[in-house]
Amino acid sequence: MTTLRDFSSLSVAQRRIVGGIQHLFHGDYVPYAGGVLVTNGEVILGAAGASGAHAREDEEAVRVAVERWRAQRPR
């Protein structure tokens, strides 16, 4: 069983993307963990994902990688 997630914590850009996909699939799209959008403020730079473990573990691995990448970026 999949538990639906509260999307209020998503950025405006992320909610727009999920909303657009929901519209295309007539509400039959359920986002699932395993990847994240890489953003700079409201600008989407790309997306990163992982596969091989449980979806939540995949997502956590990607989040850690993105956080480390952000920490090393020149400001």
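Colleague: What makes Val43, Leu45 and Trp69 a nonpolar surface patch?

Modeller: Patch members need over 30% relative accessible area and no salt bridge; nonpolar side chains (Val, Leu, Ile, Met, Phe, Trp, Tyr) are joined within 5 Å, like charges within 9 Å. Val43, Leu45 and Trp69 make such a patch, of about 290 Å². Areas come from the Shrake-Rupley method with a 1.4 Å probe, and for residues only the protein chains shown count as cover. This is a predicted model, where local features need pLDDT of at least 70, side-chain atom pairs count only at pLDDT 80 or more, and totals for chains, interfaces and linings use all residues. Residues are numbered from 1 along each chain as its sequence is written, and side-chain values use heavy atoms, with hydrogens and water left out.

Colleague: Why is valine 43 called partly exposed?

Modeller: Buried means under 20% relative accessible area, exposed means over 50%, and partly exposed lies in between. Valine 43 has 49%, so partly exposed is the label. Valine 43 is found in strand E2.

Colleague: How do you know that E1 and E2 pair?

Modeller: Strands are DSSP runs of E, at least two residues; helices are runs of H or I, at least four; both are numbered from the N terminus. Two strands pair if DSSP finds at least two bridges between them. E1 (residues 35–40) and E2 (residues 43–49) have six, in the antiparallel sense. Threonine 39 stands opposite isoleucine 44 in E2. The two strands form a hairpin with two residues between them.

Colleague: Why is glycine 41 called exposed?

Modeller: Its relative accessible area is 54%, so glycine 41 passes the cut-off for exposed. Glycine 41 sits in the loop between E1 and E2. In that turn, glycine 41 has a positive phi of about 70°. Serine 11 is 30 residues away from glycine 41 in sequence, yet 8.7 Å away in space, C-alpha to C-alpha.

Colleague: What makes arginine 63 and glutamate 59 a salt bridge?

Modeller: The rule asks for a side-chain nitrogen of Lys or Arg within 4 Å of a carboxyl oxygen of Asp or Glu. Here the closest N and O atoms are 2.6 Å apart, so the pair qualifies. The count comes to one salt bridge. Both residues lie in helix H2, four residues apart, about one turn of the helix.

Colleague: Are these two partners buried or exposed, and why?

Modeller: Glutamate 59 is buried, because its relative accessible area is 11%. Arginine 63 is partly exposed, because its value is 33%.

How values were computed: Buried means under 20% relative accessible area, exposed over 50%, partly exposed in between (1.4 Å probe, protein chains only).
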